[in-house]
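Please keep the sequence and the structure in view while reading.

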Amino acid sequence: VFYFTLGNCDLCIDAQISNILALSKKIGNENILIIVNGASIRDVVVFKNKYNIKFTIAVSNDHIGLPIENENVPFCLIIDKSFLAKDIFVPIKEFQEYNERYYKIIYKKYWN
């Protein structure tokens, strides 16, 4: 899951979408979910078209219940079969190598 709000840094979101698109080729679109807080359906359509996204994007107008939401930063996480959040990660656009390492780790941990 990649979670962000419309108020988050555009460059931060752009950098992660590239990583998520690469990951989706390995694990399948059905295993990717983006949650956008505070977006309209129109925002989602524009976003999907901008990045040619084939996986699910959900709109939330409420918090999903994680304390990290109060930090106002985009973040990634894995949701297991019992709906527990695992491997929460805050990407940093200035450290793309660090971000890519996260995706490699979760790929090996959950899909390899």
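**Fold of the chain**

In this predicted model, five strands form an open sheet with mixed pairing, arranged in the order 3-2-1-4-5. The edges of the sheet are taken by strand 3 (56-60) and strand 5 (85-89), each of which has a single partner strand, so one side of each is left without a neighbour in the sheet. From one strand to the next, the twist averages 25 degrees. The chain as a whole has three helices and five strands, and these follow one another along the sequence in the pattern β-α-β-α-β-β-β-α. With a radius of gyration of 13 Å, close to the 13 Å that the globule rule gives for 112 residues, the chain is as compact as a globular protein of that length.

**Strand 4 and strand 5**

- Strand 4 (residues 75-79) pairs with strand 5 in the antiparallel sense, and the pairing runs over three bridges.
- Within this pairing, Ile78 stands opposite Lys86 in strand 5, while Ile79 stands opposite Ala85 in strand 5.
- The two strands form a hairpin with five residues between them, and in the turn Phe83 has a positive phi of about 65 degrees.

**Helices on the sheet**

- Helix 3 (residues 96-110) lies across strand 4 and strand 5, and runs at about 160 degrees to strand 5.

**Helix 1 with helix 3**

- Helix 1 and helix 3 pack with their axes 11 Å apart and at an angle of about 25 degrees; since angles under 35 degrees count as roughly parallel, the two helices are therefore roughly parallel to each other.
- The crossing in which helix 1 passes helix 3 is right-handed.
- Helix 1 contributes Ala15, Gln16, Asn19, Ile20, Leu23, Lys26 and Ile27 to the contact, and helix 3 contributes Gln96, Asn99, Glu100, Tyr103, Ile106 and Tyr107.
- By class, the residues of this contact between helix 1 and helix 3 divide into seven nonpolar, four polar and two charged.

**Helix 1 with helix 2**

- The axes of helix 1 and helix 2 (residues 41-51) come within 11 Å and cross at roughly 60 degrees, which makes helix 1 oblique to helix 2.
- Helix 1 and helix 2 make a right-handed crossing.
- On the side of helix 1, Ile13, Asp14, Ile17 and Leu21 take part, and they meet Phe47, Lys50 and Tyr51 in helix 2.
- The residues of the contact of helix 1 with helix 2 divide into five nonpolar, no polar and two charged.

**Overall dimensions**

- Along its principal axes, the C-alpha trace of the chain spans about 35 × 30 × 30 Å.

Conventions. Residues are numbered from 1 along each chain as its sequence is written. This is a predicted model: local features need pLDDT of at least 70, side-chain atom pairs count only at pLDDT 80 or more; totals for chains, interfaces and linings use all residues. Side-chain values use heavy atoms; hydrogens and water are left out. Two strands pair if DSSP finds at least two bridges between them. Helices (H or I, at least four residues) and strands (E, at least two) are DSSP runs, numbered from the N terminus. Axes are lines fitted to C-alpha atoms, for helices over the stretch in contact, and angles run from 0 to 180 degrees between N-to-C directions. Contact means heavy atoms within 4.5 Å. Angles under 35 degrees count as roughly parallel, over 145 as roughly antiparallel, 65 to 115 as roughly perpendicular and the rest as oblique. A crossing is left-handed if the near helix is turned anticlockwise from the far one by less than a right angle, and right-handed if clockwise. Ala, Val, Leu, Ile, Met, Phe, Trp, Tyr, Cys and Pro count as nonpolar, Asp, Glu, Lys and Arg as charged, and the others, Gly among them, as polar. The radius of gyration is taken over C-alpha atoms; the globule rule is 2.2 Å times the number of residues to the power 0.38.
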